[in-house]
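Below are a few exercises, each with a worked solution to check yourself against.

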Amino acid sequence: MTVSVRDVAAAASVSVGTVSNVLNHPDKVAPATVERVLSAIKELGFVRNDAARQLRAGRSRSIGLVVLDVRNPFFTEVARGAEDRAAAEDLTVLLGNSGADGAREAAYLDLFEEQRVHGLLITPLDEELARLERLRRGGTPVVLVDRQAPPGSFSSVAVDDVAGGFLAVRHLLERGRRRIAFVGGPLGIRQVSDRLEGARRAVATVAGAAIEVFPTENLTVPEGHTAGEALQARTPAERPDAVFAANDLLAMGLLQALILRGRLRVPEDMALIGYDDIDFAATAIVPLSSIRQPAALLGRTAVELLLQEASGREAGEPRQVVFRPELVERASTRA
């Protein structure tokens, strides 16, 4: 049976108010009374309900974070950065994985609203932000993560994915590659479509270069493996001479299929570059070139924006923080 404050008060022969003062303002209570109440707490095994206390105060001490896919180490790093910054303010981060599923995303939004979280960080699945707007009107600050918000809507922190896609494909073109394959999807995910847009812009700068799109159902290693098998099954004349994968998990799957199943040489037969620069990229069977995103910095900055909004220090237009991606060259694209 749950032990209540009333039980502690009865055992210590004091009022409920005195127990509350011992828990929250012990300096206002006589030392002998504090000792008697603490002894009763220990004897009864009382555990204070901080969640209820925080909710009575208006908001919990938790931040909700909803990401697209926790299997992707990039989002793990984003969460770590958010936790580090939140911990400095005595806040905790509650992680939700939408799995790129709209119904699951909506369920997490409902849950975090019910729990009256201190604020919400989210990588939204689509362009429709009306649900987030309703959440904000209800008093919950919202910051978009890894996604640039429309001007004047929400504060956001992101990386310029169009620039990242351009950087990746320009690197391949500078290595003399002309038949580029883009592997990634669903194309409805903003980050994927932006990276493809950047890739197309780079191809347009070089005469004779072309790009072919291989959509995938999600951004995982198995999807990359399937795409790799399809590519290596082509004749040498039909194959691309370079591949830009929309993230490193896809690139890892591609690498497995090309080398282990297709027995193609990377980069001699086909150069390969990924996106995110997760830890596994540097230790792949062929170290993987990638476009680096400052994942932990994204998480820390998102919490900082959220704290500013929650405190009311940042009135006026929402802030848009956009970082520049960085090319990391490794063996998978070197001549």
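Before you start, some ground rules. Helices (H or I, at least four residues) and strands (E, at least two) are DSSP runs, numbered from the N terminus. Contact means heavy atoms within 4.5 Å. Axes are lines fitted to C-alpha atoms, for helices over the stretch in contact, and angles run from 0 to 180 degrees between N-to-C directions.

This is a predicted model, where local features need pLDDT of at least 70, side-chain atom pairs count only at pLDDT 80 or more, and totals for chains, interfaces and linings use all residues. Residues are numbered from 1 along each chain as its sequence is written, and side-chain values use heavy atoms, with hydrogens and water left out.

**Exercise 1. Work out the strand order of the open sheet of six strands, and say which strands stand at the edges.**

Step 1: Two strands pair if DSSP finds at least two bridges between them. Going across, the order reads S7-S6-S8-S9-S10-S12, and the pairing is mixed.

Step 2: The edges belong to strand S7 (210-215) and strand S12 (326-328); each has a single partner strand, so one side of each has no neighbour in the sheet. From one strand to the next, the twist averages 20°.

Step 3: Zoom in on S12. Strand S10 (residues 289-292) runs antiparallel to S12, and three bridges join the two. Look for Ser290, with Val328 of S12 opposite.

**Exercise 2. Describe the largest nonpolar core, and say where its largest share comes from.**

Step 1: A nonpolar core is a set of buried Ala, Val, Leu, Ile, Met, Phe, Trp, Tyr and Cys residues joined through side-chain atoms within 4.5 Å. Buried means under 20% relative accessible area, exposed over 50%, partly exposed in between (1.4 Å probe, protein chains only).

Step 2: The largest such core has 73 residues, and those with the most contacts inside it include Val243, Leu254 and Leu272. Its largest share, eight residues, comes from H11.

Step 3: Follow Leu272. Not counting residues up to four places away in sequence, Leu272 touches residues including Val243, Leu254, Leu255 and Val266.

**Exercise 3. Decide whether Ala100 and Asp146 are buried, partly exposed or exposed.**

Step 1: Ala100, in the loop between strand S2 (92-97) and helix H6 (102-114), is not a glycine but has a positive phi of about 55°. At 38% relative accessibility, Ala100 is partly exposed.

Step 2: Asp146, in the loop between strand S4 (142-145) and strand S5 (155-159), has a positive phi of about 60°. Its relative accessible area is 3%, so Asp146 is buried.
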